[in-house]
Protein chains: 2
Amino acid sequence: MAETETAQVEIIPDWECLRLLQSKHAGRLGFVAGDQPLILPVTYAVEDGTIVLRTGPGTKMANAPLTRVAFEVDHIDEASESGWSVLIQGVAQDITTGIDASSERLRGLAPQPWAGGDRDHYIRIVPRQITGRRVHPPEVDG
Amino acid sequence: MAETETAQVEIIPDWECLRLLQSKHAGRLGFVAGDQPLILPVTYAVEDGTIVLRTGPGTKMANAPLTRVAFEVDHIDEASESGWSVLIQGVAQDITTGIDASSERLRGLAPQPWAGGDRDHYIRIVPRQITGRRVHPPEVDG
């Protein structure tokens, strides 16, 4: 009878976390509204670990700026029970009207959200910590 | 020249949110550690909108129980710029040692996490609100 070995968690080094962040275009913003954590999918761009996203005048803009937020990108393969996840812990800043060079450059990078509507606000997430974990498929011994 | 119409956001009705939750085995837990929101992938089971997951004695167990948490499941297709997301807002409860029938049943449902190690703690998320959004691929007029 085949035995399944337990998969191990691998810590992803910083340089690879940055590469994985650049390999995707959609992630998830975690922030707190009142005392309720929320997770919302967003499209994003990344420059040196700083995330930029474009949004409307809704829940994210009302709660995220000037607070600590999480930003997560992952690849989950349910069939092989494996995947990776990269998590940024940082502070969100409203750069909609910033006239500094960084704000202007990041606004130029931010992709159009897939969903329509008024999306003329920009949020930058300045990273305090970037971590990543990978779970490989379990090894099956015949 | 082809014009791309802006995609619309569709609100997913409750019954379909529950069906989508049952269609997946891995999601993301959002909780707050100190004042820092975190998002961590987890395997889960669901019964009537209540989520159960199995975890080790780590960050999740230290912070999530008896606080408000988020639980998110999604399907994101970057190629077609479309996808759906279901978000549960609720309260996390440690049911590791609960001797009530619900705790015992949920512990039996909780899947083994893909990652190895000591994972003998169980968290239930009692939903306060379940919401879902879908973005369809943009229509392209030739």
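**Figure 1. The contact between chain A and chain B.** Contact here means heavy atoms within 4.5 Å. By that cut-off, the interface draws 39 residues from chain A and 39 residues from chain B. A:Ile39, A:Glu78 and A:Trp114 supply 25% of the area that chain A buries against chain B, more than any other three residues. The model shown is predicted. Together, chain A and chain B bury about 3100 Å² between them. Carbon and sulfur atoms carry 66% of that area.

**Figure 2. How the two copies are related.** Two copies of a chain are related by a rotation about an axis and a shift along it.

Figure 3. Six salt bridges run between chain A and chain B. The count of residue pairs in polar contact between chain A and chain B is 10, with both residues at pLDDT 80 or more. Four elements of chain A give two or more residues to the side that touches chain B: β3 (26-33), β4 (36-43), β7 (68-77) and β8 (82-94). The largest share comes from β7(A), with seven residues. By class, this side of chain A has 18 nonpolar, 11 polar and 10 charged residues.

Figure 4. Side chains of opposite charge can pair when their charged atoms come close. A:Arg68 and B:Asp35 form a salt bridge, 3.3 Å from N to O. This pair crosses between chains: A:Arg68 sits in strand β7 of chain A, and B:Asp35 in the loop between β3 (26-33) and β4 (36-43) of chain B. A:Arg68 is partly exposed, with a relative accessible area of 28%. B:Arg68 forms a salt bridge with A:Asp35, and there the closest N and O atoms are 3.3 Å apart.

**Figure 5. A salt-bridge network with members in chain A and chain B.** Six residues are linked in a network of salt bridges. Chain A contributes A:Arg28, A:Glu72 and A:Asp74. Chain B contributes B:Arg28, B:Glu72 and B:Asp74. Over all chains, the salt-bridge count comes to 20.

Figure 6. The side chains of A:Arg105 and A:Glu47 meet in a salt bridge, 3.1 Å from N to O. A:Arg105 lies in helix α3 (residues 101-109) and A:Glu47 in strand β5 (residues 45-47), so the pair ties together parts that are 58 residues apart in sequence. A:Arg105 is partly exposed, at 43% relative accessible area. A:Glu47 is also partly exposed, at 24%.

Figure 7. B:Arg19 and B:Glu16 pair through their side chains at 3.3 Å, N to O. Both belong to helix α1 (residues 14-22) of chain B. Because they are three residues apart there, about one helical turn separates them. B:Arg19 is partly exposed, with a relative accessible area of 45%. B:Glu16 counts as buried, at 10% relative accessibility.

**Figure 8. The surroundings of A:Val73.** A:Val73 has its place in strand β7 of chain A. Its relative accessible area is 0%, so A:Val73 is buried. Leaving out residues up to four places away in sequence, A:Val73 touches A:Leu21, A:Lys24, A:Ala26, A:Gly27, A:Arg28, A:Tyr44, A:Trp84, A:Ser85 and A:Val86. A:His25 is 48 residues away along the chain, yet its C-alpha atom is separated from that of A:Val73 by 9.0 Å.

**Figure 9. The surroundings of A:Thr43.** A:Thr43 is found in strand β4 of chain A. With 7% relative accessibility, A:Thr43 counts as buried. Beyond its neighbours within four places in sequence, A:Thr43 is in contact with A:His25, A:Ala26, A:Val52, A:Leu53, A:Pro111, A:Gln112, A:Pro113 and A:Trp114. Of these, A:Trp114 is also one of the three residues that supply 25% of the area chain A buries against chain B.

Technical notes:
Residues numbered from 1 in each chain as written. Chains lettered and ligands numbered in written order. Predicted model: local features only at pLDDT ≥ 70, side-chain atom pairs only at ≥ 80, totals over all residues. Heavy atoms only, no water. Buried area = accessible area lost by both parts, 1.4 Å probe. Salt bridge = Lys/Arg side-chain N within 4 Å of Asp/Glu carboxyl O. Polar contact = N/O pair within 3.5 Å; in protein donor to acceptor, adjacent residues only side chain to side chain. Nonpolar A, V, L, I, M, F, W, Y, C, P; charged D, E, K, R; others polar. Buried < 20%, exposed > 50% of the residue type's maximum accessible area, 1.4 Å probe, protein only.
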